[in-house]
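Hello,

Please find the structure below, with the sequence. My notes on it follow.

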Amino acid sequence: MSATAEERRQQLVELFEEVKRCEKCPLHETRTKPVFGAGNADADLMFVGEAPGAEEDRQGLPFVGRAGQLLNQMLEEIGLARDDVFIANVLKSRPPGNRDPLPLEIQACEPYLLEQVRLIEPRVVCTLGNFATKLLSGSHPAAALRTPAVKETLRADFATIPDLLQRPLPGPIPSSEELKEAEEEGGSTPPPPSDQLGFFG
Ligand code: URA
């Protein structure tokens, strides 16, 4: 039986407490606040970005800067609000100067993201940017956010979300322990969920 919304929320709060105490990589020394993620613990749609920027680090919330405004706008255009979805990042702490996440940092933070996905059990995961897409699907898209043409592509991608949300559920999402075991038994990365789009490439 799947968890109730309240059970999911409680477990996410416990995970958040763990993230607040986390010292697995040096980013905890330079961050202002950890950015765990925010939104509906029972969401069908989950967004995964790269890492907190300056404003996110200051507020402790994901996508509250410029990229966040664009995300809000795109969500609104498909009839969704931030409260309907859950938004997280690959890294929970800001890399100084917004530099790219380092492999060691991604490795340290990955179990938190996988646990978030496992607890929320979203129908659809939208990755925002190369790092999230690479981590969760194993592929590497090369689009860029800043040009108007790409914004139109993004808008077209978002237009597919309502349909994706209606599709039947894929199989159960494995726990991080199960993923680790599968890797140790010779698999490389976990199989990607069946329908996955990478946005904000
Ligand atoms: N970009 C991201 O990837 N994450 C944020 O939280 C903000 C901008």
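A residue is called buried when its relative accessible area is under 20%, exposed when it is over 50%, and partly exposed in between, using a 1.4 Å probe and protein chains only. This is a predicted model, in which local features need pLDDT of at least 70 and side-chain atom pairs count only at pLDDT 80 or more, while totals for chains, interfaces and linings use all residues. Residues are numbered from 1 along each chain as its sequence is written, and side-chain values use heavy atoms, leaving out hydrogens and water.

Cysteines first. Cys109 is buried, with a relative accessible area of 11%, and Cys25 is buried too, at 14% relative accessibility.

Next, helix 1. Helices (H or I, at least four residues) and strands (E, at least two) are DSSP runs, numbered from the N terminus. Helix 1 covers residues 5-21, which is 17 residues. From first C-alpha to last it reaches 25 Å, close to the 24 Å expected at 1.5 Å a residue; the expected span is 1.5 Å times one less than the number of residues.

Which residues of helix 1 are buried? They are Arg8, Leu12, Leu15 and Val19. These residues lie on the same side of helix 1, because they cover an arc of only 60 degrees around the axis, taken from the directions from the helix axis to the C-beta atoms. An α-helix has 3.6 residues a turn, so residues three or four places apart point the same way. Strand 3 (86-89) and helix 5 (103-120) are among what covers the buried residues, by contact (heavy atoms within 4.5 Å). The face turned away from the buried side carries the exposed residues Glu14 and Arg21.

Last, two loop residues. Phe63 is in the loop between helix 3 (54-59) and helix 4 (66-77). Its phi is near 50 degrees, a positive value in a residue other than glycine, and Phe63 is buried at 11% relative accessibility. Glu121 sits in the loop between helix 5 and strand 4 (124-128). Phi of Glu121 is also positive, near 50 degrees, but Glu121 is partly exposed, with a relative accessible area of 36%.

Regards
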